[in-house]
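I opened a new structure today and kept notes as I went.

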2 protein chains.
Amino acid sequence: MNTQASHLVPTIALRDIPAALIDALKSRFSAQCSTALAVREQHGRDESSFEAPPPAAVVFAQSTQDVVDAVKLAGKFNVPVIPFGVGTSLEGHLLAVQGGISIDVSGMNQVLSINAEDLTVTVQPGVTRKQLNEAVKSTGLFFPIDPGADATLGGMSATRASGTNAVRYGTMRENVLALEVVTASGEIIRTGTRARKSSAGYDLTRLLVGSEGTLGVITEVTVKLYPLPEAISAAICSFPSIEAAVRCTIQIIQLGIPIARVELIDGKTMRMVNAYAKLALREEPLLLMEFHGSPASVKEQAEMVQEIASEFGGNAFEWATTPEERTRLWTARHNAYFAAIQSKPGCRAISTDTCVPISRLADCLLDSVTEADASGIPYFLLGHVGDGNFHFGYLIDPAKPEEREIAEKLNHSLVARALRLGGTCTGEHGIGLHKMDFLIAETGVGAIDMMRSIKRALDPQNIMNPGKIFAL
Amino acid sequence: MNTQASHLVPTIALRDIPAALIDALKSRFSAQCSTALAVREQHGRDESSFEAPPPAAVVFAQSTQDVVDAVKLAGKFNVPVIPFGVGTSLEGHLLAVQGGISIDVSGMNQVLSINAEDLTVTVQPGVTRKQLNEAVKSTGLFFPIDPGADATLGGMSATRASGTNAVRYGTMRENVLALEVVTASGEIIRTGTRARKSSAGYDLTRLLVGSEGTLGVITEVTVKLYPLPEAISAAICSFPSIEAAVRCTIQIIQLGIPIARVELIDGKTMRMVNAYAKLALREEPLLLMEFHGSPASVKEQAEMVQEIASEFGGNAFEWATTPEERTRLWTARHNAYFAAIQSKPGCRAISTDTCVPISRLADCLLDSVTEADASGIPYFLLGHVGDGNFHFGYLIDPAKPEEREIAEKLNHSLVARALRLGGTCTGEHGIGLHKMDFLIAETGVGAIDMMRSIKRALDPQNIMNPGKIFAL
């Protein structure tokens, strides 16, 4: 595995961007195409700490036909195409590492059809999850996938995102029913239907979900919705140690309690959150939990979990039952990243994303805490622990390469541990630029070769977001 | 769409089977390789009504290495390979329509590792679902996917099977975590891990689940298990009409009640079941339901569903609470197919498998009942109605081509209706030989082309179960 890490992406093979392509784009798209440096730079980065030269142009697509025309022009000139939503990816997915043009689909933000009776909704790819939930609010339904950031449905599909509700409602893998996609040749294809299940041929929907823009540009997404639970209760429970909180979580999952959210935050991270959000929550390892169901079922779940928590030294639950209290709680959780960044001015976070079988969670997490503590690098620690997924964010000074090196060593060691324990290098962030070597270690050369064969077959010119997931 | 249907598969392009291949197989596999006609014939058919010449030889694989060696020999001689479990597929998946050899994996029937703490189990592909549930019984866990037949886990993965529990627990799509697969070139690859979620590259697991043996031979399957519910109750509720039963189901689903099973059987089918199983159940449209959860939650679910049922004229539930009563109930359901076959001596069933969004279920089903009644062909009608999936089985006399023609016309009309309503031609049986034209109508030429490109890239010789899903 590559333990090297540099601020600049190491293997850039920039392709020529012919002036004729830019002319053709300007002619086709007029004001919808920009070559202004500020616009290009904004589209040439994401939330990762990687840097690369920006794309040569940005096309602001307003329709599937816009995407088709942009992809066809790019193909004609053999130039890469990088789909862009709102730029919240974390692994360098959006960087134009081989040059190319960015196709910004954030303007394709219409909710196309809400089928409340079927619990499905079809949206354009630029619709964000908050916008979606606002749009379906009056139907009594909601879309549960919540990666923290207000990401677009297109981006969430492309990275197979999940987040805090996945323990109960699954990830984008389970929740995308159908897609419309523009392929590398500029064809529009449809995959899946609104039926709940199907055995109709290859599961192209799930091949495209998580393909990180390397197989096509997603132009329409149909996802499942869920009835808003009759009752929702959120609770905080503090524990004497991270281990106690983790072991409590393991038992909740093993007993099959249908908890909707179970998030770990460690004491140090809580200190950052309190300072940032001017809160006074306990600065101890906490589980933030949420229970969904009928009033009776929520009560029953909460009682069972309180009993388990007590066995592990957990304190009495502090409840957040009104929507406002719950919003405050989850906002604090979602702001942990920003709180951590603010705790060390000028720092960048190098975020990990391992996910292991639940029985291995304590082993994987605790050894990594020990290593991180010994390193002297400050960090935040958050976990979607019900799924066995957690994130360290190592807070490094970008001006100090030695800090980055330590952080990458910690990450390397953590991933190696997770793989030994039967887990994955990425639970929800994707491979992007950062985890290509980890992917090989995880899945083996044979599976990577299969992925490469598929990529070559579907994108023979290698123009769809090249240089991500694997080297071709 | 092709409305033609013939007993013999129409487009057979048999490839040469060199004697040198048979010699090489006999030399490598000795008694594990058979060319006896009876053995070949048994491996050259499934539960469908299609017929084709049998495979030239059957290899009884005992290990992944056996599969590798058989596939490599087949590849060397450019001869098709057809994986075989226990032969319960319904769409001609197992027929050697281009000639070739059958690889029987039913002897690879070891449960390799039960990870009760993680709710996962890894098995060889020949393990059947009943064998699996027997093996994990002592752990307090179970594997819910139940397609009726005691199919193998390999076969269930290959066809993306589901069945009566899918409404709550999902299908093989949601429940397979990881695979070991022998590719067309004889390489062994691994996809997925035991972690509950992952964003690590292309979702090869889900590409292979449902690929019907056309991309590789599955040699190991890791699936999710679930805690046996603390309480299980099954109930029968009869309704004045199919429409009332269907509308009741729609409301149960739209309210998000976590019902574990909700199966429709129509009155005519119940008459067949009663005659076959010497039962005295009401010969009216019935919903067979099952509720899983804590005792309180099961009670609550049942009360809510009883209330909904009453609104639609449903009678008071008849309960089956002991394991024996439940087994009798579900055995009656699973035997409906055989009961129907027995009701018309010498008949074959042509089974449909459409699945539509739940709001369209009544429209789709009722119009199809009207058409079937008008046709004069006897039929059975069963539905996994909670998923919008149902099966007509048209009972035809194989000696009367006109009956087959009527049945295929009914099927054609039903599929066209389901597609118009946003559904799929196959909820769980797969495409096989029978639904290739329907697949094109459903997904469009673009998506089929993408499937074909993947197939050509991963199996350039087209030796893996060729002639299924799509024509190459």
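**Conventions.** I worked from a predicted model, where local features need pLDDT of at least 70, side-chain atom pairs count only at pLDDT 80 or more, and totals for chains, interfaces and linings use all residues. Residues are numbered from 1 along each chain as its sequence is written, and chains are lettered from A in the order in which they are written.

**Sheet in chain B.** I looked up the strand order and found an open sheet of five strands, β5-β6-β10-β8-β9 of chain B, with antiparallel pairing. Helices (H or I, at least four residues) and strands (E, at least two) are DSSP runs, numbered from the N terminus, and two strands pair if DSSP finds at least two bridges between them. The edge strands are β5 and β9 of chain B, each pairing on one side only. Neighbouring strands of this sheet are turned by 10° against each other on average, direction ignored. I then checked one pair: β8(B) (residues 176–182) and β10(B) (residues 217–224) are joined by six bridges. Val176(B) stands opposite Val223(B) of β10(B).

Which helix packs on the sheet? I found α3(B) (residues 64–76), which touches β8, β9 and β10 of chain B and makes about 50° with the direction of β8(B). Axes are lines fitted to C-alpha atoms, for helices over the stretch in contact, and angles run from 0 to 180 degrees between N-to-C directions.

**Core.** The largest nonpolar core has 302 residues. Such a core is a set of buried Ala, Val, Leu, Ile, Met, Phe, Trp, Tyr and Cys residues joined through C-beta atoms within 7 Å. Those with the most contacts inside it are Val59(A), Ile103(A), Val59(B) and Ile103(B). I listed partners of Ile103(B), among them Val59(B), Val67(B), Phe84(B) and Val217(B).

**Chain contacts.** I found 75 residues of chain B in contact with 75 residues of chain A (C-beta atoms, placed from the backbone, within 7 Å). On the chain B side, α16(B) gives the largest share, 13 residues.

**Positive phi.** Most residues other than glycine have a negative phi. I noted Leu119(B), with a positive phi of about 60°, in the loop between β5 and β6 of chain B. Leu119(B) is buried, with 24 other C-beta atoms within 10 Å (buried means 20 or more, exposed 12 or fewer, partly exposed in between, with C-beta atoms placed from the backbone). Ile469(A) has a phi near 70° and lies in the segment after α16 of chain A.

Technical notes
Contact = placed C-beta atoms within 7 Å. Lists of a residue's contacts leave out its neighbours within four places in sequence.
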